[in-house]
Amino acid sequence: MRLRTLEIALEGLEGFDRPDPRTEQYSTPAVLAARLLHHAHLLGDIEGRSVCDLGSGTGVLALGASLLGAERVVGVELDPRAIAVARRNAARLEAEVTFVQGDVRDTGLIAGLGRFDTVVMNPPFGAQDPHADRPFVDAALALAPVVYGIFNSGSIPFLEAYTAERAEIEFAIGGIFPLKRTFPFHRHDTVGIEVEILKMMRR
Ligand code: SAH
């Protein structure tokens, strides 16, 4: 599937109904999701693989992985309303993805999911809670040897220090995360947040 075709499929998906600012609910923009997935796909980490999406929200990354031929896809998401949206999106794309309602900080839940080849995720950027992405990194590295994630630009030094013995960062691709005015505290109609798509490999 071409990058643009994937992007168009993901662009048509339903977004968050009433996004919750505390958990930083922003749908991953189709351009960024498609880029992350396409890249992972080219490196052999999607097709025929088992893929887990952490903080799957409306399901953009999980569903994209399924469209690219992942063999088994599971999304983990705290918010049951987001899960309902993700399930509608799956039905629309006729994609077989399992969405599990739960907290990535729940180590028992994570252990119970089994092992995956690849994790894809767009964790909270930490605007509301500066350490919000840590449990995502921990869960990701517990689940799979290969992790693709979208992080705030400038996160690499923190991630390198945080994962030092556990993982190494293979590469980073820069991008812009366009945020539409979603919450009342946003002062501009759109802002662009600089982000990085990172590939991490377990040591
Ligand atoms: N990729 C998704 C959304 C990413 S936003 C999409 O495109 O829709 C981050 C998501 O992580 C939100 O849906 C939020 O509800 C979820 N989340 C935040 N903290 C979480 C936690 N501790 N456990 C599971 N999900 C969490």
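Visitor: Which backbone atom lies 3.0 Å from a nitrogen atom of the ligand?

Guide: A polar contact is a pair of N or O atoms within 3.5 Å; within protein, one must be able to donate a hydrogen and the other to accept it, and residues adjacent in sequence count only if both atoms are side-chain atoms. Here, a backbone N or O atom of Val 104 is 3.0 Å from a nitrogen atom of the ligand. The protein covers 97% of the 580 Å² of accessible area that the ligand has on its own (Shrake-Rupley method, 1.4 Å probe; for residues, only the protein chains shown count as cover). This is a predicted model, in which local features need pLDDT of at least 70 and side-chain atom pairs pLDDT 80 or more, while totals for chains, interfaces and linings use all residues. Residues are numbered from 1 along each chain as its sequence is written, and side-chain values use heavy atoms, without hydrogens and water.

Visitor: How many residues surround the ligand?

Guide: A residue is near a molecule if one of its heavy atoms lies within 4 Å of it. There are 21 such residues, and the closest include Thr 28 and Asp 103.

Visitor: What space does the ligand take?

Guide: Rolling a probe the size of a water molecule over the atoms shows where empty space is left. A pocket is an open set of points, on a 1 Å grid over the protein atoms alone, where a 1.4 Å probe fits, with protein on both sides within 12 Å along at least five of seven lines; lining residues have an atom within 4 Å of a point. The ligand takes the space of the largest pocket (more than half of its atoms lie within 2 Å of the grid points). That pocket has 36 lining residues, with Thr 23 and Phe 136 among those nearest its centre.

Visitor: Which residues lie nearest the centre of the second largest pocket?

Guide: They are Tyr 26, Ser 27, Thr 28, Pro 29 and Lys 180, within a lining of 21 residues.
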